[in-house]
Amino acid sequence: MNAQAAYDELIRRSRELSTLASCSSLLGWDEQTYMPPGGAEHRAAQLGLLAGMHHERATDPKLGELLGLVESSDLIADPISTTAVNVRELRRSYNRLTKLPRTLVEELARTTSRGHQEWVAARHERNFGRLLPSLETIFALKRQEADCLGYHDVAYDALIDEYEPGAKSKDLATLFAALRNELVPLVKEIAAAKKKPDRSIMTREFPIDRQRIFGETVASAVGFDFRRGRLDSTEHPFCSGIGPGDTRITTRYDPRQFADAFFGILHEVGHGLYDQGLDPSHYGTPMGEAVSLGIHESQSRMWENVVGRSRSFWTYWFPIARQVFREALTDVSREDFYASMNVVEPSLIRVQADEVTYNLHVLIRFELEAALMKSDLPVAELPGAWNEKYQHYLGITPKHHAEGCLQDIHWSAGLIGYFPTYTLGNVYAAQLYGKADADLGGLSEPFARGDFSGLLDWLRQNVHIQGQRFRAADLAQRITGSPPDHRPLVKMLKAKYGEIYGI
Ligand code: ZN
């Protein structure tokens, strides 16, 4: 077989694997939206069968042979050609999958499945001891996983690499430290400010049916294509890119929490726009896939916060919102509405945190999981360390572990190395937005007219259509002139909140 034929076969198999995985995604979407509770057992059987088929094909030694044939040819001479990029990334996933012994994969699956159940119970009982044995096993297994995968510096790096290929904990630590030095004083300054926006506007009555209509209208206006996507309700909002022409987002509605559903929709719309912007002709290959979780999150956080919580956005949308939510907003000014959705306050729960304190929540988790992976911190001492850090960085202490170290699903699910991607998303969002704003001669004016197409076209061209051609830091470097850099985010936050709080 010649190299070209080997490459063609590789791509055929890659597309087939993606199609198979998309069947699981669709079943997963259905499980969280419309499946009746009685379908749970059969659904688990369906998903288990598909996962087994996927794993068998993804680790087929034939794939390794095909990769070897192409790698030793001049087809990949240009490292950023479509061929070279696809081969680089297919090799990466093949290696990750085949380096892990089957026994370890199965043990991790069993432990995290039990860990999830223990986490649900522990959180309900507010009892960390209940989760402790599972969590100890999970961290031990994840250390084994890192050893199998290999790393240069610390084991934690091998795990981060799964979500943010190429990122290193040492660089992340520098980035987080720089953010911490700027954000901790900013949060204190805001807390001491005399001006206090009225948060209660957000918790007035916003009827759910109208929230739905308003959310869909805005989603469509910023570019989410409902002929190639849909929006449904779930308990835990998510975005699922099923395949070309089919991107599904979800949200949850509460009549007394306007911001939850609305910004939840914009967040998932940001993810969805990325998926809808991928090149369909590269579907099923790395060139048709998102770069990393950090870059994915940069898109969601950009539409949710940088765009959605901006004054110019509401210059256009507030008069419309006021017609839709007549009772709630009749006596509210645009400025008060804008300030109300931008209240900054240290809080205990990450997913409810504002734009400024959010990164401190992530920083705490990053520091803790780095220490847990190194065994510098025994898992049994996690609750104490958690509370200490919340007191230190945010000046507050959880009253119980459900609002402390038991609040997130990640660790009990074995997702270690995932948290830093949230803050990378914020950092990349500010960098990319700053560049788009400069390239396009200012975005607030078109936003105030309800025109969001300039930003979306810019993102399509610079980020979405590129697929995995470049790794995240490299992509940021090429577009903005620097790898992840905390400064644009800090500058943006200081300008915005300095004005809102008069500091
Ligand atoms: Zn997200």
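**Note on the zinc site, helix packing and selected residues**

1. H271 is buried, and so is E297, where buried means under 20% relative accessible area, exposed over 50% and partly exposed in between, with a 1.4 Å probe and protein chains only. This is a predicted model, in which local features need pLDDT of at least 70 and side-chain atom pairs count only at pLDDT 80 or more, whereas totals for chains, interfaces and linings use all residues. Residues are numbered from 1 along each chain as its sequence is written, and side-chain values use heavy atoms, with hydrogens and water left out.

2. The zinc ion is coordinated by H267 through NE2, by H271 through NE2 and by E297 through OE, at 2.1 to 2.3 Å, and the spacing of these donor residues in sequence is H-x3-H-x25-E. Since H271 belongs to helix α10 (residues 258–277) and E297 to helix α11 (residues 293–307), the pair ties together parts that are 26 residues apart in sequence. Donors here are N, O and S atoms within 2.8 Å of the metal (3.2 Å for Na, K and Ca), and because water is not among the atoms, sites may look incomplete. Helices (H or I, at least four residues) and strands (E, at least two) are DSSP runs, numbered from the N terminus.

3. D232 is placed in strand β1 (residues 229–233) and is buried, with a relative accessible area of 4%. The side chains of D232 and Y34 are joined by a polar contact of 2.2 Å; such a contact is a pair of N or O atoms within 3.5 Å, of which, within protein, one must be able to donate a hydrogen and the other to accept it, while residues adjacent in sequence count only if both atoms are side-chain atoms. With neighbours within four places in sequence left aside, D232 is in contact with W29, T33, Y34, I249, T250 and T251, contact meaning heavy atoms within 4.5 Å.

4. For helix α1 (residues 3–33) and helix α3 (residues 61–71), the axes come within 8 Å and cross at roughly 140°, which makes α1 oblique to α3, and α1 passes α3 in a left-handed crossing. The axes are lines fitted to C-alpha atoms, for helices over the stretch in contact, and angles run from 0 to 180 degrees between N-to-C directions. Angles under 35 degrees count as roughly parallel, over 145 as roughly antiparallel, 65 to 115 as roughly perpendicular and the rest as oblique. A crossing is left-handed if the near helix is turned anticlockwise from the far one by less than a right angle, and right-handed if clockwise. On the α1 side the meeting residues are A3, A6, Y7, E9, L10, R13 and L17, and on the α3 side K62, L63, L66, L67, L69 and V70.

5. α1 also packs with helix α4 (residues 82–99), at an angle of about 60° and with the axes 11 Å apart, an arrangement that makes α1 oblique to α4; this crossing, too, is left-handed. Here Y7, L10, I11 and S14 of α1 meet T82, T83, N86, V87 and L90 of α4.

6. Helix α17 (residues 420–439) and helix α21 (residues 487–501) have axes that come within 7 Å and cross at roughly 80°, and the two are therefore roughly perpendicular to each other. N426, V427, A430, Q431 and Y433 of α17 make this contact with P488, L489 and M492 of α21.

7. L382, in helix α16 (residues 382–394), is buried with a relative accessible area of 0%. Not counting residues up to four places away in sequence, L382 touches F128, L135, L368, L372, L377, C405 and W411.

8. S169 lies in helix α8 (residues 169–192) and counts as buried at 10% relative accessibility. S169 and G417 are 248 residues apart in sequence and 9.1 Å apart in space, C-alpha to C-alpha. S340, in helix α14 (residues 334–340), counts as buried at 4% relative accessibility, and its contacts, leaving aside neighbours within four places in sequence, are with P197, D198, R199, I201 and M202.

9. Two loop residues deserve a look at the backbone. R126, in the loop between α5 (102–125) and α6 (128–149), has a phi near 55°, a positive value in a residue other than glycine, and at 49% relative accessibility R126 counts as partly exposed. S375, in the loop between α15 (358–373) and α16, likewise has a positive phi, near 65°, in a residue other than glycine, and S375 is partly exposed, with a relative accessible area of 44%.
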